[in-house]
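Below are a few numbered remarks on this structure, set down for a colleague who will want to check each of them against the coordinates.

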Amino acid sequence: AVAAVVALVAAAVLVFTRWYLADDDRLAVFAATVSLFTAAMMLDYLGCNEESKAVESAVREAVAANETTHDLGGALSTAQAGAAIRRRLDSKRPLAS
């Protein structure tokens, strides 16, 4: 039930945003950010608490380091900001033995 609510809320936010930001170049950036937080919520619901915290932590660390897009005060493209988050996630992944 919780998974359905998370999915419904995320879908509603994205649909509303498509309408509200239709003529705004920041739509892709906003959708990417919402998708990351939706993924973290779903991981948490599925019992993947460490993974959920890793996603949220990686986003927070990138923002704190100003590795963000223009709308958040940074100078990176969406792809570059995503790569910064990905690097942080990769560094949190336990090494295989």
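1. Helix α3 passes helix α4 in a right-handed crossing. The model is a predicted one, and in it α3 (residues 49–64) packs against α4 (residues 78–92) at an angle of about 130°, the two axes lying 9 Å apart. That angle makes α3 oblique to α4, because an angle has to be over 145 degrees to count as roughly antiparallel.

2. As for the overall make-up, the protein chain contains 4 helices and 0 strands, and its pattern, read along the sequence, is α-α-α-α. The chain has 97 residues, of which 23% count as buried.

3. Which residues make the nonpolar surface patch of about 300 Å²? The patch is formed by V2, Y45 and L46. Of these, Y45 has its place in helix α2, which covers residues 27–45. With a relative accessible area of 38%, Y45 is partly exposed, since that class takes in the values between the buried limit of 20% and the exposed limit of 50%.

4. A further point concerns L14, which lies in helix α1 (residues 2–20) and is partly exposed, its relative accessible area being 30%. Although L14 and A32 are 18 residues apart along the chain, the separation between their C-alpha atoms is 10.0 Å, a value that can be checked directly in the model shown above.

Technical notes: Residues are numbered from 1 along each chain as its sequence is written. This is a predicted model: local features need pLDDT of at least 70, side-chain atom pairs count only at pLDDT 80 or more; totals for chains, interfaces and linings use all residues. Side-chain values use heavy atoms; hydrogens and water are left out. Patches are made of residues with over 30% relative accessible area and no salt bridge: like charges are joined within 9 Å, nonpolar side chains (Val, Leu, Ile, Met, Phe, Trp, Tyr) within 5 Å. Accessible areas come from the Shrake-Rupley method with a 1.4 Å probe; for residues, only the protein chains shown count as cover. A salt bridge is a side-chain nitrogen of Lys or Arg within 4 Å of a carboxyl oxygen of Asp or Glu. Helices (H or I, at least four residues) and strands (E, at least two) are DSSP runs, numbered from the N terminus. Buried means under 20% relative accessible area, exposed over 50%, partly exposed in between (1.4 Å probe, protein chains only). Axes are lines fitted to C-alpha atoms, for helices over the stretch in contact, and angles run from 0 to 180 degrees between N-to-C directions. Angles under 35 degrees count as roughly parallel, over 145 as roughly antiparallel, 65 to 115 as roughly perpendicular and the rest as oblique. A crossing is left-handed if the near helix is turned anticlockwise from the far one by less than a right angle, and right-handed if clockwise.
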